[in-house]
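Please walk through this two-chain model, with attention to how its parts are laid out and how they meet.

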Amino acid sequence: MGNENKPMKLAYYPGCTLKNQATNFDVSTVSSMAKLDVEVEELDRWNCCGTVHALDSDNVMNRVAPITNMIRVKEAQARMEGMASEFMTSCAMCYNTLKRANIEVKQRADVLATINDLLYLDEIKYEGDVEVLHLLEYLRDRVGFDSLAKKVTKPLEGLRVACYYGCLLVRPKEVAFDDVENPMVMENLIRALGATPVDFSHKTECCGAYQTVDKPEIIADRTDRIMGSANEELADLVVVSCPLCAFNLDFRQDDAKRLNPDFHNMPVLYFTQLMALAFDCDDAALRFDLHHIDPLPVLKARGLG
Amino acid sequence: MDTTLRINSAHVGSSFVARIEKISGQKLLACYQCGKCSAGCPMAAYMDVLPNQMIRMAQLGMQQQLLATNAIWMCVSCLTCNSRCPKGIKIAEVIEALRKTALNDGQRDDHLKIMELSPEARSVLPPIATISAMRKLTS
């Protein structure tokens, strides 16, 4: 950390699901950042990230929502001293959608001009001058895992963790802040928290995403394969950074069990919850009550509950 | 006797091929059918036609057969195919173009009936799931 005495200020974009089903991701993000002396400031008037980057080559309309958020960051920057021209999100979907839209408007002046025209009610124009950061990237590059390890008051000793990245943190390669096929940033974080990351063959295998809406039987099969591969490595739990992955891997475990009677139930946590646990934040920062598979039994078995 | 055989996309279904290439921004004929996209596809097990076969059918302008597959609706744009294609083809973009074509051709061939789900099934879904499904599967 640059200056040990002065807290760092960081604009924060939570996203819709962190304010609904995934409150545990939101509160554990904010609480653990406070322990790292980073002053997290939720953006005023943030709106939908765009939820899924549209892949057609000419789709300006789907970039309007993400780019509006860039303007909100510039407004926060103009209002607050010590706020950089960047913001952080911990949701992998928000990160991916916001980052891709940002890359596109930086490369295409025509798209940026059209969007600024559409956003004529905003006084501040967007000029491609805001950076989108994922929390894992921020922790690795700005805080540093060595500094982070010094803040750990309750090391997660003996806890075996499978780190699941899914798609949105590593694909496409333009948004990846780590190796596309074998990312290690989450493992390095987990190690700094005192836990033991396990090998995980399925860490970048898609969970089936939104097919969960009307095809839970497909998600059951994906969950069986992904969680099964974590179980083979004797993991205690799986950590994720995406609320959609979390829902599929956690809440579809009953369906997975119906599909495969040998399926072994295993809790799914956000990586921020493990931080909050290692920083000894109170229970309100963990919200384990929101999980389908209760994390407490495995944590208690490791003396951490 | 001239036995030269020329294969190009200027014949059958060429307007369809041109349309898919335009929407996706991809050159379909760059594909040489190595199959790497299908080998790594996490959704291939649930598809009636594999990703490399979808590209082949698109090259050949097989509009009706392609738009009738369940495979174009099964793809969730995880981009594993894109990141592994040795020719740099963005297969997921091609499949997105196929979905857009089916959804925008006047028939509005929606592949998600959200109101047919039970209120209980809907209520547990996080917004991230419902919104992304509706963006991908409905017109």
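Predicted model: local features only at pLDDT ≥ 70, side-chain atom pairs only at ≥ 80, totals over all residues.

Residues are numbered from 1 along each chain as its sequence is written, and chains are lettered from A and ligands numbered from 1 in the order in which they are written.

Chain A contains an open sheet of four strands in the order β2-β1-β3-β4, paired in parallel; helices (H or I, at least four residues) and strands (E, at least two) are DSSP runs, numbered from the N terminus, and two strands pair if DSSP finds at least two bridges between them. At the edges stand β2 (38-42) and β4 (131-134) of chain A, each of which pairs on one side only, and from one strand to the next the twist averages 40°. Within this sheet, strand β1 (residues 8-12) of chain A runs parallel to strand β3 (residues 86-89) of chain A and is joined to it by two bridges, with Met88(A) in β3(A) as the bridge partner of Tyr12(A). Across β3 and β4 of chain A lies helix α5 (residues 135-143) of chain A, which runs at about 90° to β4(A); axes here are lines fitted to C-alpha atoms, for helices over the stretch in contact, and angles run from 0 to 180 degrees between N-to-C directions. Contact between two residues requires that their C-beta atoms, placed from the backbone, lie within 7 Å.

Another open sheet of chain A has four strands in the order β6-β5-β7-β8, again with parallel pairing, and its edge strands are β6 (196-197) and β8 (268-270) of chain A. Strand β7 (residues 237-240) of chain A is linked to β8(A) by three bridges, and Val239(A) stands opposite Leu269(A) in β8(A). Helix α11 (residues 271-278) of chain A lies across β7 and β8 of chain A, at about 75° to β8(A).

Some backbone details in the loops of chain A also deserve attention. In the loop between β2 and α2 (61-79) of chain A lies Arg45(A), whose phi is near 55°, a positive value in a residue other than glycine. Val52(A), placed in the loop between β2 and α2 of chain A, has a positive phi of about 85° although it is not a glycine. How do their surroundings compare, buried or exposed? Arg45(A) is exposed because it has 10 other C-beta atoms within 10 Å, whereas Val52(A) counts as buried because it has 24 C-beta neighbours inside 10 Å; a residue is buried if 20 or more other C-beta atoms lie within 10 Å of its own, exposed if 12 or fewer, and partly exposed in between, with C-beta atoms placed from the backbone. In the loop between β5 (160-163) and α7 (185-192) of chain A lies Pro172(A), which a cis peptide bond joins to Arg171(A), with omega about -5°.

Chain B is divided into domain 1 (14-108) and domain 2 (110-139), with bounds that come from an automatic or database domain assignment, and the C-alpha centres of these domains lie 23 Å apart. Five residues of domain 1 of chain B are in contact with five residues of domain 2 of chain B.

The contact between the chains takes 31 residues from chain B and 31 residues from chain A. On the side of chain B, the largest share, nine residues, comes from α9(B).
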